[in-house]
Amino acid sequence: MTVLQLIFYAFSAVAIFSGLMVVGSSNPVRGALFLVLSFFCMAGLWILLQAEFLALILVLVYVGAVMTLFLFVVMMLSVNRVSVQEGFVRYLPVCALIVLMIVGLMIMVVGPERFGLTQIPMPAAFPADYSNMVSLGEVLYTDYVFPFEVAAVILLTAIIAAISLTHRQSKKHKSQNISKQIAVKAGDRLRIVKMPSEPKINPTGGQ
Amino acid sequence: MNFTMPVFSVAIPDIFMLCMAAIALLVDVFLPKKKRIITFFIVQATLVITFILTVSQYIHYPSPIITFSGNYILDKLAIILKMFICVVSFFAFAYSREYVNERHIARGEYFILGLFAVLGMMVMASAYSFLSIYLGLELLSLSLYAMVALQKDSVDATEAAMKYFVMGALASGLLLYGISMVYGATGSIQMFEIGNLLVNSTPNQHMIVVLGLGFILAGLLFKFGAVPFHMWVPDVYAGAPTCMTLFIASAPKIAAFGITMRILVEAMPSVQVQWEHMLTVVAVLSMFFGNVLAIAQTNVKRMLAYSSIAHIGYMLLGIIAGPNSAEGYSAAMFYVSTYVIVAAGAFAIISILSKSGKEFEQLNDYRGLNSRNPWLAFMMLLLMFSMAGVPPTVGFFAKLGLLEALVEAHLVWLAALALLFAIIGAYYYLRMVMYMYFEEPLPGASSTPIKLAPDMMIAVSINGVAALLLGLFPSTFIDMCRISLV
């Protein structure tokens, strides 16, 4: 086993473990932290694939920005821990069955006999001056300009959706309408209610 | 590096729509609240002009063009799907105007997000690689989730949006996993290349592609809402604002049909036996569960949701028959596009009747509709007859075409099953008609005549009469479907 393989297995094992813990941990903050860990491991795997630019972006954007924000939200929401675990036992048999079926299928198909080096030969090593960023930049605005633009539109849509869903009509905003205040009449504010007078009570307290 | 400049002119309708969406967004920001209706008119004008541009493309580009480095295709299928999508969305937005207005849903955002959803469908219609298919699908879905949730004061709508979002995300995950399998086997995400590479695939490649196909189909059927991936459909249809249900039930089905054709027929004909088997199971289950569960519903929106599951089952029959018969695919396309028109009409009537805060969605609300508004009841009758497949309406010809294709493909047992389920389905459509015509309004419910805005009346009339006229003169429409799928 080479060193590279050792690193690969270490990162993969931690990634799978933290992925499971994201779902399994009852504390949402811990879950978010495990998600950070799994992103980090994925970044490690991408570096092994020589996609160092994407790996760094993953760490910077997801770990650095998105997950930090996410952690803030989770902490502020203070999710009820009991409610998270409700229905776990009830749905376990069905879920376990589905998971077993999918994992079984994957084990049957995804393996060295189909994805091994004989089926898919090792790609040629890159030259020393190879830059991940340059090759990405070359195709991003040329071959992939159409998907790139559509992705940009998706982001725009997400912004519109997020703003329109969180934006409330400014009901909280209270202001004085001075002309209305001046023009007010007594009749608008004061209502005189006619009531029958109460029966007279004997001031001496006798019945 | 070798790079050929993309032919931008073939994407003119999409580019125009994107520009107009951005303009509408900016205009909406600066409009005073009372003039927000202008946004609505910009959106509708955009749809009309896009439709005209697409029609002109139909004349100018007789042969398919693949451009944007294989990510984009303009062929007859794409053009005709785009035309259908524009028309149906135009009607969906026209119906929404009043409903959205009455319920204080953010009007500008609703129509702008709607326009982005239509753009997503246009991208799907002419996507020719898995990447653009996926991105188009996400653009569509993201807009739809937000549009469902826009009715912020309704708990049902929020719940529906949440369910729709979670299920949709799961479906996208499944689809992506399947795509990664196909990419792993072929090393390409472009439809044409995959199709070529898979013609003489090794057994190993074949096995991987079949697994990928399973996941891709699961993702697609989730979006279609076919059994066993149908759980979200009734909840979302019933919980969403009715105008939104109308939109979800209509145009996206056409776009989903488009990407299904691209993936199954153009990229994966080599695993046709496998997808035929999978789709057969799904189609039979959908027809069965859709029709049987619809009988038990008392809420009209839920009933129509189950009926949509059943109709998706019928549509899949056409795709199953496709490889072995001349008319299968065009029958499926005819079925889905006419179903969409009919479903839009039915949901439109529900949304028009839901006035002054009261939702008109229980089956009992429709008792004696004939005495309250005879024309509207007649339109509903036409739409229900069409869904049931009663002869002069278009639903009959759609089902007839499917059955013909099935018999031609030597799948008589499927045709017999489809007929059996259609008879079960006729029960609840005709029950609706019976309630409207032969029952009195419930005591306590108002029996006053219902008055409608003239523009709504015109739109519904066009929709209902289309169900009849397309049934009387179906040939042009059928020819269009045939042309697009040669």
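## Briefing: a two-chain predicted model

H5(B) gives the most to the lining of the largest cavity, with five residues. Helices here (H or I, at least four residues) and strands (E, at least two) are DSSP runs, numbered from the N terminus. This is a predicted model, in which local features need pLDDT of at least 70 and side-chain atom pairs count only at pLDDT 80 or more, while totals for chains, interfaces and linings use all residues. Residues are numbered from 1 along each chain as its sequence is written, chains are lettered from A and ligands numbered from 1 in the order in which they are written, and side-chain values use heavy atoms, with hydrogens and water left out.

**The largest cavity**

- The search of the whole structure finds five cavities of 30 Å³ or more; on a 1 Å grid over the protein atoms alone, a cavity is a set of points where a 1.4 Å probe fits but cannot get out.
- The largest cavity holds about 180 Å³ of space, a volume being the space filled by probe spheres set on grid points that are joined across faces, edges and corners.
- Its lining has 18 residues, and the closest to the centre are B:Tyr164, B:Lys223, B:Phe224, B:Trp232 and B:Pro252; lining residues have an atom within 4 Å of a point.
- H5, H6, H8 and helix H11 (251–267) of chain B are the elements that give two or more residues to this lining.
- By class, the lining of the largest cavity has 14 nonpolar, two polar and two charged residues; Ala, Val, Leu, Ile, Met, Phe, Trp, Tyr, Cys and Pro count as nonpolar, Asp, Glu, Lys and Arg as charged, and the others, Gly among them, as polar.

**The second largest pocket**

- The second largest pocket has a volume of about 1400 Å³; a pocket is an open set of points with protein on both sides within 12 Å along at least five of seven lines.
- Among its 35 lining residues, those closest to the centre come from both chains: A:Ile98, A:Ile102, B:Leu174, B:Phe222 and B:Phe229.
- At least two lining residues each come from helix H5 (88–109) of chain A and from helix H6 (155–186), helix H8 (203–224) and helix H12 (272–295) of chain B.
- H5(A) gives the most to this lining, with 13 residues.
- The lining of the second largest pocket divides into 33 nonpolar, two polar and no charged residues.

**Where the chains meet**

- Chain B brings 35 residues to the contact and chain A brings 32 residues, contact meaning heavy atoms within 4.5 Å.
- About 3000 Å² is buried between the two chains, and carbon and sulfur atoms give 80% of that area; buried area is the accessible area (1.4 Å probe) that two parts lose on being put together, summed over both.
- Between chain B and chain A there are zero salt bridges, a salt bridge being a side-chain nitrogen of Lys or Arg within 4 Å of a carboxyl oxygen of Asp or Glu.
- Five residue pairs, both at pLDDT 80 or more, are in polar contact between chain B and chain A; a polar contact is a pair of N or O atoms within 3.5 Å, where within protein one must be able to donate a hydrogen and the other to accept it, and residues adjacent in sequence count only if both atoms are side-chain atoms.
- H5(B) gives the most to the side of chain B that touches chain A, with 10 residues.
- That side of chain B has 24 nonpolar, seven polar and four charged residues.

**Salt bridges and local details**

- Over all chains, the search finds 14 salt bridges.
- In one of them, B:Asp455 pairs with B:Arg97, with the closest N and O atoms 2.6 Å apart.
- B:Asp455 lies in helix H19 (residues 454–472) and B:Arg97 in helix H3 (residues 76–102) of chain B, so this pair ties together parts that are 358 residues apart in sequence.
- Leaving aside neighbours within four places in sequence, B:Ile37 is in contact with B:Arg97 and B:Arg107.
- A cis peptide bond, with omega about 0 degrees, joins B:Val227 and B:Pro228.
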